[in-house]
Amino acid sequence: MPCCHGTLCCLLSNRFVRLIQREWLDAGYPFSNFHGSDRNMKERSPLFLLFIDVVWQITQQYPLSFEFNDMFLHKLFTHSHFSPYGSFLYNSALERVKTKLQERSYSLWSYLLEPAVKSTLVNPYYCANTTVLSISTDVFVVKLWTWAYVRGSSTSEAPPPSPEHNMVSALRETHEKLLDKQAQVTRELEKLQAVGREMLADMEVKGHQPDMEIKADQPNMEI
């Protein structure tokens, strides 16, 4: 069973958040009715929870291909039922607009994407994978997501980040800072090279020959 890798796997680029917003919230999935937050409790449906479970099952088969970790999915699982944020309230986008929900509550996405919070939701072992994921649906491969379904057990509580998780997260953050620094230095070098070319061009126009030979591939200059 193939999986659309690009849409599901990325948290940092907000693709997965946009998918939830577009395909579930904006499309009119009635969270209030189906998740029992409506006072009438007319009907219940686990469709969204099954979707989150399916994504979790895929992350278990490909643990290195997703930018987010189990905690992120667990937060979606929990906040879709009980949440101090308004993202999953009401049954449609129209109801949220009519009730001016945006003015009366905070967005769950803004909270989850805060740097301090997002750092706990990122998979530090993530490796970019552009191939199509082949998903196994064999019964022996499917696991019970005890963290979500077995409430009250020791496995239903969010595990604290391991020392390895913290170390890899710190290394990834350092790596990203170094890449940013490298890009900054490259931009500055390109600016200096452009200025040098302009100076040489001006000297040639004025009939002066440069008394220095600049070699781009060598750090020193020959006089």
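This tour moves through a predicted model of one protein chain, selection by selection.

**Confidence along the chain**

Begin by colouring the protein chain by pLDDT. The average is 76, and 74% of the residues score at least 70. Select strand β1, residues 2–3, which has the lowest mean pLDDT among the elements of the chain, at 43. Then select helix α4, residues 47–61, where the mean is the highest, at 89. Where pLDDT is low, the predicted coordinates should not be read in detail.

Select Ser 80 now, in the loop between α5 (70–79) and α6 (93–98). Is this residue buried or exposed? Ser 80 has a relative accessibility of 3%, and it counts as buried because the limit for that class is under 20%. Display its side chain together with the backbone of Phe 77: a polar atom of the Ser 80 side chain lies 2.9 Å from the backbone oxygen of Phe 77. Which residues does Ser 80 contact when neighbours within four places in sequence are left aside? They are Phe 31, His 35, Phe 48, Leu 49 and Phe 88.

**The aromatic rings**

Show the rings of the aromatic residues next. The count of aromatic pairs comes to 17. Select Phe 16 and Phe 51, whose ring centres are 6.3 Å apart with planes at 10°, so the pair is stacked. Phe 16 belongs to helix α2 (residues 15–25) and Phe 51 to helix α4, so this pair ties together parts that are 35 residues apart in sequence. Both Phe 16 and Phe 51 are buried.

Move on to Tyr 85 and Tyr 111. Their ring centres stand 5.1 Å apart and their planes at 20°, so this pair is stacked. It links distant parts of the chain, 26 residues apart: Tyr 85 is in the loop between α5 and α6, and Tyr 111 is in helix α8 (residues 108–112). Tyr 85 is buried, with a relative accessible area of 18%, whereas Tyr 111, at 23%, counts as partly exposed.

**The aromatic cluster**

Finally, select Phe 16, Trp 24, Tyr 29, Phe 31, Phe 48, Phe 51, Phe 66, Phe 68, Phe 72, Phe 88 and Trp 109 together; they form one aromatic cluster.

Methods: Residues numbered from 1 in each chain as written. Predicted model: local features only at pLDDT ≥ 70, side-chain atom pairs only at ≥ 80, totals over all residues. Heavy atoms only, no water. Helix = DSSP H or I, 4+ residues; strand = E, 2+ residues; numbered from the N terminus. Buried < 20%, exposed > 50% of the residue type's maximum accessible area, 1.4 Å probe, protein only. Polar contact = N/O pair within 3.5 Å; in protein donor to acceptor, adjacent residues only side chain to side chain. Contact = heavy atoms within 4.5 Å. pLDDT = per-residue confidence, 0-100. Phe/Tyr/Trp six-rings, centres within 6.5 Å; stacked < 30°, edge-to-face > 60°.
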